[in-house]
Structures are given as structure tokens and as C-alpha cells.
Amino acid sequence: MALSQEELDAIMERKGKMRREAYDRRAAQENKDEISAQAVARLMALEEYQNANTIMWYIDCRSETRTKPELLEEVAKGEKKIVVPYCTVDEKGDNKLGLWHMESLEEMVVGKWNILEPPKEMWGNPDKEPPAEELDMVMVPGVGFDRGGGRMGNGQGYYDRLLERVRPDCTLVALCYESQLFDEILVAPHDVYMDYVVTEDAVYKGRGRD
């Protein structure tokens with residue numbers, strides 16, 4: 001049964017409060033570099049990661065779980081095709097993530113919100129931008145999560161639109177601090193559940209996409 005506008009508004013208000021709490025928890029996390037390395041190591045040990053050919057890594061910014069050290073090691077090894085996202089808009093002006101096959105961090109420049117991205121003059125280069133359907137795994141950042149795979153993002157819709165485009169068998173893995181976990185994340189009908197939620201302490205099996 002569809003929710004009324006009043007019910008949707010109440011959920012959005014509660015979600016806003018939860019998002020603010022999640023931001024505070026993430027920012028207050030101590031030893032971010034050390035525990036991020038532990039979380040990334042757990043993610044990379046997943047069988048799905050080992051079997052994947054093309055993997056989307058996010059490049060951390062602000063207080064997100066750190067990814068850059070291990071990302072650079074993976075790029076240097078050259079054993080997998082590493083794709084990183086950048087923030088852009090589609091033909092309608094809606095937020096979307098562009099995808100960039102990163103072969104060196106030197107390709108990147110500081111862009112929107114001080115996030116590393118490819119130079120704008122290179123956006124849309126078909127030799128460097130694989131389709132979303134090519135991705136075997138997506139590493140998904142976020143503000144808050146639950147152990148069942150529920151995710152709360154920044155509210156801009158970038159990842160929502162990307163996850164609509166990936167293959168049904170593409171593995172979705174949330175990477176976060178244990179401190180970002182809630183008993184239950186408030187989700188909207190369009191929200192996508194993760195296949196795994198990985199922290200410094202554990203790998204939680206999410207419900208994934210139904």
C-alpha cells in the first residue's frame with residue numbers, strides 16, 4: 001500500500017535526524033586510518049572481490065572510511081580494472097555519477113566538494129569511461145547503515161541513480177565504520193539494500209536487491 005504524503009514527510013523528518021546523528025558518529029570516529037585499513041582488508045578478502053574483474057572504488061573525502069592507500073596499491077598492481085566515480089549531471093540536470101577507469105592517481109584533480117575527479121575536459125571519453133553494466137562490484141560509501149544492508153546516503157541521489165544501472169549480479173558492498181551502524185536504517189521505497197556491509201570488525205550479509 002502506498003504511503004500518504006504525511007507519512008512520507010514524517011519518514012523524511014526522522015531520516016534527517018538520523019542522518020545528522022550518523023554524520024556526527026562518523027566525524028567523531030577515532031583512528032580512522034587504522035580501522036579503515038582493517039575494513040578495506042575485509043572487503044578485499046571477500047570471494048566476490050577476488051572473482052571480480054571490474055570494481056568501482058570510491059575515493060574517500062571528509063570523514064568517510066579511507067580507501068586511497070589500498071586503492072593506489074590495487075591500481076599499481078594492475079590485476080583488476082579499477083573504476084572511480086565522479087559527480088556530474090545527466091541530460092536532465094539530475095545528479096549522477098560518472099565512471100572513470102583510473103590507471104594512476106596523477107590523472108585526478110581536485111573537483112566538486114574537494115573530491116578527486118578526472119579533468120572536466122576529459123569527461124565522456126569513451127576510452128576511459130566504462131558503462132555501469134561492466135561493473136562486477138561497487139564499493140558504496142554512505143552516512144549510516146544497518147546490518148541488514150540498509151543504507152543512508154548524503155541525500156543527493158548520486159548512488160541511487162548509479163545502482164539502478166548496474167547488472168543484477170553486480171555485488172554491492174557498503175564500507176563503513178562500526179560506529180556508523182544503526183539497528184535499522186529508515187529507507188524509502190526506491191532505496192537499494194547492500195549485499196554486504198563491511199566494517200573494521202565484521203562482514204554483515206545484507207538482504208541485497210529483491
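**Entry 1: ground rules**

Helices (H or I, at least four residues) and strands (E, at least two) are DSSP runs, numbered from the N terminus. I am reading a predicted model, where local features need pLDDT of at least 70 and side-chain atom pairs count only at pLDDT 80 or more, while totals for chains, interfaces and linings use all residues. Residues are numbered from 1 along each chain as its sequence is written, and side-chain values use heavy atoms, with hydrogens and water left out.

I began with Asp136, which sits in the loop between β5 (116–117) and β6. Is Asp136 buried or exposed? Asp136 has a relative accessible area of 18%, so I put it down as buried (buried means under 20% relative accessible area, exposed over 50%, partly exposed in between, with a 1.4 Å probe and protein chains only). Leaving aside neighbours within four places in sequence, I found Asp136 in contact with Ala52, Asn53, Thr54, Arg167, Asp169, Cys170 and Thr171 (contact means heavy atoms within 4.5 Å).

Thr54 was on that list, and I followed it into strand β1. Thr54 counts as buried because its relative accessibility is 6%. Not counting residues up to four places away in sequence, Thr54 touches Lys81, Val83, Glu134, Leu135, Asp136 and Met137. The side chains of Thr54 and Glu134 are joined by a polar contact of 3.5 Å. For a polar contact I need a pair of N or O atoms within 3.5 Å; within protein, one must be able to donate a hydrogen and the other to accept it, and residues adjacent in sequence count only if both atoms are side-chain atoms. I also looked up Thr54 and Trp113: they are 59 residues apart in sequence and 26 Å apart in space, C-alpha to C-alpha.

**Entry 2: the first two helices**

I checked the span of α1 (5–28) next. It has 24 residues and reaches 35 Å from its first C-alpha to its last, close to the 34 Å expected at 1.5 Å a residue (the expected span is 1.5 Å times one less than the number of residues). Its buried residues are Lys15, Gly16, Met18, Arg19, Ala22 and Arg26. They pack against α2, β7 (144–146), β8 and β10.

In α2 I found 13 residues and a reach of 18 Å, close to the 18 Å expected. Which residues of α2 are buried? I noted Lys32, Ile35, Ser36, Ala39, Val40, Leu43 and Met44. Their cover includes α1, α3 (47–51), α4, β6 (137–140), β9 (171–175) and β11 (196–198).

**Entry 3: two positive phi values**

Asn31 lies in the loop between α1 and α2. Its phi is near 55°, a positive value in a residue other than glycine. With 51% relative accessibility, Asn31 counts as exposed.

Arg62 is in the loop between β1 (54–56) and α4 (68–77). I read its phi as near 50°, again positive in a residue other than glycine. Arg62 is exposed, because its relative accessibility is 51%.

**Entry 4: nonpolar cores**

A nonpolar core here is a set of buried Ala, Val, Leu, Ile, Met, Phe, Trp, Tyr and Cys residues joined through side-chain atoms within 4.5 Å. The largest has 50 residues, and those with the most contacts inside it are Leu43, Trp57, Val138 and Leu162. Strand β2 (residues 81–89) gives the most to this core, with five residues. Another core lies apart from it, with seven residues, among them Met18, Val143, Met152 and Phe182.

I then listed the neighbours of Val138, not counting residues up to four places away in sequence: Met56, Leu162, Leu163, Val166, Cys170, Thr171, Leu172 and Val173.

Arg151 is in strand β8 (residues 151–152). A polar atom of the Arg151 side chain does lie 2.8 Å from the backbone oxygen of Pro141.

Last stop was Leu181, in strand β10 (residues 181–182). Leu181 is buried, with a relative accessible area of 8%. Leu181 and Val143 are 38 residues apart in sequence and 9.2 Å apart in space, C-alpha to C-alpha.
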